[in-house]
Amino acid sequence: MTDVTAAAAFLLGPVTAMGSPIYNLMAAARITPNDPNAMPVGDWLASVDLDPGIANVIANFPETLQTDASFINTAACAAWARVSGRPYSVISDGDTLLARRGAAYQRAPALI
């Protein structure tokens with residue numbers, strides 16, 4: 001999970017120009033959300049419109065909704081240091097980002 005406002009800072013440059021740098025703007029560590037009120041997979045599946053094949057895979061293998069990846073983010077860390085005085089870790093503070101999403105996005109009228 002990455003803070004979109006931090007990602008937007010990178011979009012101010014010529015990101016579509018030939019030879020533009022590519023940054024893995026990802027956390028240095030895996031982020032695991034810890035939400036005691038998270039919706040169970042079965043309830044989520046009942047509330048969304050998915051292709052039956054995809055829904056079947058998720059129902060039978062709910063771990064497919066979990067991710068575990070690592071990225072080389074050396075270039076992103078260096079670029080972040082050039083555009084911000086804040087530490088790189090602030091753009092991927094999972095608890096803060098999830099709290100912001102829960103306070104705003106998840107309570108949007110379209111999602112209720």
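S92 is found in the loop between helix 4 (74–83) and helix 5 (94–103); helices here are DSSP runs of H or I with at least four residues, and strands are runs of E with at least two, numbered from the N terminus. S92 counts as buried because its relative accessibility is 9%. The term buried means under 20% relative accessible area, exposed means over 50%, and partly exposed lies in between, with a 1.4 Å probe and protein chains only.

The structure is a predicted model, in which local features need pLDDT of at least 70 and side-chain atom pairs count only at pLDDT 80 or more, whereas totals for chains, interfaces and linings use all residues. Residues are numbered from 1 along each chain as its sequence is written, and side-chain values use heavy atoms, with hydrogens and water left out.

**Overall architecture and confidence**

The chain has 5 helices and 0 strands, giving the pattern α-α-α-α-α along the sequence. Of its 112 residues, 16% count as buried. Its accessible surface comes to about 8500 Å², and carbon and sulfur atoms hold 60% of that area; such areas come from the Shrake-Rupley method with a 1.4 Å probe, and for residues only the protein chains shown count as cover. Among contacts with a separation of 6 or more, 61% join residues 24 or more positions apart, a contact being heavy atoms within 4.5 Å.

The mean pLDDT of the chain is 77, and 72% of the residues reach 70 or more; pLDDT is the predictor's confidence in each residue, from 0 to 100. Confidence is lowest in helix 1, with a mean of 68, and highest in helix 3, with 93.

N73 is placed in the loop between helix 3 (52–60) and helix 4. With a relative accessible area of 10%, N73 is buried. Leaving aside residues up to four places away in sequence, N73 touches N24, M26, A27, A28 and Y88.

In helix 4 the buried residues are A76, A79 and W80. They lie on the same side of helix 4, because they cover an arc of only 105° around the axis, the arc being that of the directions from the helix axis to the C-beta atoms. An α-helix has 3.6 residues a turn, so residues three or four places apart point the same way. T74, A81 and R82 are exposed on the other side of helix 4.

**Selected C-alpha separations**

A79 belongs to helix 4 and is buried at 4% relative accessibility. A59 belongs to helix 3 and is partly exposed at 46%.

| Residue pair | Sequence separation | C-alpha separation |
|---|---|---|
| A79 and Y23 | 56 residues | 8.4 Å |
| A59 and G42 | 17 residues | 6.9 Å |

**A nonpolar surface patch**

M39, W44 and L65 make a nonpolar surface patch of about 290 Å². Patches are made of residues with over 30% relative accessible area and no salt bridge, with like charges joined within 9 Å and nonpolar side chains (Val, Leu, Ile, Met, Phe, Trp, Tyr) within 5 Å. A salt bridge is a side-chain nitrogen of Lys or Arg within 4 Å of a carboxyl oxygen of Asp or Glu. M39 lies in the loop between helix 1 (4–10) and helix 2 (41–47).
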